[in-house]
Amino acid sequence: MNFSKEDRESVTSLVVLVISIVFFIATMQIPIKNNENFMQSAKIFPLIISCIMLALSLIYVISSFRKSGKLGLEKIKNGTISFLKSSEVRRTALSVLLVGIFIFLGVAKGRFYISCAIFMAFILLMYVRRVKPWISILAVIVFITALYFIFHKLFMVQLI
Amino acid sequence: MDFSLILECARNIFSFQGIGLIILGVSIGVLGGALPGISTTMTVALLATATYSMEPLWAITLLCATQAGATYGGSIAASVLNIPGTPASAATAREGYPLSQQGRANEALSVNALSSFVGNTIGVFALAIVMPIMLNLAMKFGPWELFWFAMFGVVICAKLSRANFIKGLLAACFGLMLAFIGLDPIAGTQRLTFGISYLRNGIALVPAMVGLYGMSEVFTSLIDYEAKPIEVKKGKLFEIGFLWKHKWLSIRSAIMGFIIGVVPGIGANIASWVGYDHAYSCSKEKELYGKGSLEGLVGSESANNGCVPGAYAPLLSLGVPGDAVTAVILGILTIHGVQPGPTFLSKNPQYLYNILIALFLAGFVFLFIGTFIGRGIVRILSIPLPAIMSVVAILCAIGGFSAYNRIQDVYVMFIFGILGMIMKKLDFPIAPLLLSLVVGGELGDANFRRALLAGKGSFLPFITRPISIVLVIAILYMIFIEFVWPVIKRSRQSSKE
């Protein structure tokens, strides 16, 4: 069973509430130095904001649950499972994975321009099917060469 | 005003390098603004890499020109493809696209270019007039007023960012919490670092901005990659007589846009709708609206381009960015070691003169581009979106890295990209988060603490000083209208029933 828009909003509000609680706990742990009083410490403003955030999250939870009605654990469980199986999530995961591989295996491992070329070629060949492959490859070579000269030679950005 | 300094700035800008940078900035801006999915903010953030090796004055010249170009450029895709190149062009799409469908694309493009030029030029003159007043006012600002002004910007941005107000405020609070990460600006206490040593220096602004605006769009576009390519239609040329006929509408809309720009946190997105609405309410041909009204284009384009110079007024006088784009520019200036604030312009007036001249010239450049090269740009827009986004992803990686030459910043950019994508999917606005992240540390937290120190721990000066009172009332009014008024209305209705 899929989440309705209202149900999704309710689940989102619960996640936001959890994030607010995490921030509230984290701000409570900010230390106060020996020579400071509470009102002048580094803790005061983050604490005020985290309290406001917590209050807003509670308002958000209440208002979204008012719209969606009762949302039992069973409904949340089933809705989450069908959401995770949806094509939207698969596509999102694929796009994040593609860019993640490019960033973490290419850029971070010090093969920037080669990984750029592979990434761009892959995207063009996979997503832009109406362009002939040799045109895509040529476009990649021209672009990466230009990129190298502009950023590496001209702007001295030391990504290799 | 120091006229000898103005002349010196003009001489600098009218050099080969100055003119070259303005033409380059406007061209990149027009292209970035025109390409669907690449907003003005994103174009400016991606261009940050190119500015690190420049003098700060040249950097801001390039970024101003890019902003002006991109704000105009958004109208090209909006008119021809019905895809607003930037959110500020949404109102333009409503009238421009029907005109293109009627074979009047070039008429629409010409009116867009001319109206944008008028808007930009009036905005520049208004900025020159308003800045001395703003500077006088800024000198009266203590930490209390600066703090409230920053918070006012954040709240109004949350209110007007097209999502519901609670989501906007939550995004703003989240941005503020992220801004607190690292060593606090007064005593150096470590906050919210969760034991991660990288976070001791706080979240790097440029990678976060590039991630929020650039990488998030890459993810979103790759998800919706099945979008069909769009055909580009042609039409007939040139419409200067029409604009002359509607010169007062254009001027009024530009002034409205400028005023909206001066108020922090609003920006061109709202200005364009206000201008459009003004054109509609003054029109004698209301039946044409939604079916292709050139008047509507005049209103929206004059207003959103008039807004661009306006956004520099709070940035330069108070250090509070007028919109998301100037928030990015503030972040880039900070990397250059330039920190605008109340006393900044009295010591460095050349920044104001440079911005005024650069924006003024940028208007001429985009008028030329729009009038004579517009058709060529329209053809570039037929490049498939995933191809554009693969380029954007690569530029994001470079942009994330090059600010501080740290590979960890690329990871931050990636994480903020995911955060931006999730926020878009769940209808949380990104602009309040970005604005809070930029103003939360130095303007928000540091001024709050300074104010408490100056008041010996008392909160009273926060609500007793005259300017503070005005700002507090404005914030409370917005909260009242959004939260309390609907409850009162509901209870009145139920008591009647």
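Reader: Which residues is B:Leu47 in contact with, leaving aside its neighbours within four places in sequence?

Author: B:Leu47 is in contact with B:Ile28, B:Leu63 and B:Thr66, once those sequence neighbours are set aside. Keep in mind that this is a predicted model.

Reader: Where is the place of B:Leu47?

Author: B:Leu47 is in helix α3 of chain B, which covers residues 40-51.

Reader: And is B:Leu47 buried or exposed?

Author: B:Leu47 counts as buried, because it has 24 C-beta neighbours inside 10 Å and the cut-off for buried is 20 or more.

Reader: Nice. What separates the C-alpha atoms of B:Leu47 and B:Gly25?

Author: Those C-alpha atoms are 9.0 Å apart, while B:Leu47 and B:Gly25 are 22 residues apart along the chain.

Reader: Switching to backbone angles: what is phi of B:Leu192 near?

Author: Phi of B:Leu192 is near 50°, a positive value in a residue other than glycine. Most residues other than glycine have a negative phi. B:Leu192 sits in the loop between β2 (190-191) and α9 (205-223) of chain B.

Reader: What about phi of B:Phe194?

Author: B:Phe194 has a positive phi near 50° and is not a glycine either. B:Phe194 lies in the loop between β2 and α9 of chain B.

Reader: Are B:Leu192 and B:Phe194 buried or exposed?

Author: B:Leu192 counts as buried, with 21 C-beta neighbours inside 10 Å, whereas B:Phe194 is exposed, with 9 other C-beta atoms within 10 Å.

Reader: Now the helices. At roughly what angle do the axes of α6 and α13 of chain B cross?

Author: The axes of α6 (residues 105-139) and α13 (residues 294-310) of chain B cross at roughly 35° and come within 7 Å. The crossing of α6(B) past α13(B) is right-handed. In their contact there are 14 nonpolar, 11 polar and 1 charged residues.

Reader: Great. How many residues of chain A are in contact with chain B?

Author: On chain A, 49 residues are in contact with 45 residues of chain B. The helices of chain A that each supply at least two residues to that side include α1 (5-28), α2 (44-68) and α6 (133-154). By class, this side of chain A has 36 nonpolar, 9 polar and 4 charged residues.

Reader: Last one: how is chain A divided into domains?

Author: Chain A has domain 1 (5-85) and domain 2 (87-154). Taken over C-alpha atoms, the centres of domain 1 and domain 2 of chain A are separated by 37 Å.

Definitions and conventions:
Residues numbered from 1 in each chain as written. Chains lettered and ligands numbered in written order. Predicted model: local features only at pLDDT ≥ 70, side-chain atom pairs only at ≥ 80, totals over all residues. Contact = placed C-beta atoms within 7 Å. Helix = DSSP H or I, 4+ residues; strand = E, 2+ residues; numbered from the N terminus. Nonpolar A, V, L, I, M, F, W, Y, C, P; charged D, E, K, R; others polar. Axes fitted to C-alpha atoms, helices over the stretch in contact; angles between N-to-C directions. Left-handed = near helix turned anticlockwise from the far one by under 90°. Domains from an automatic or database assignment. Buried ≥ 20, exposed ≤ 12 C-beta atoms within 10 Å, placed from the backbone.
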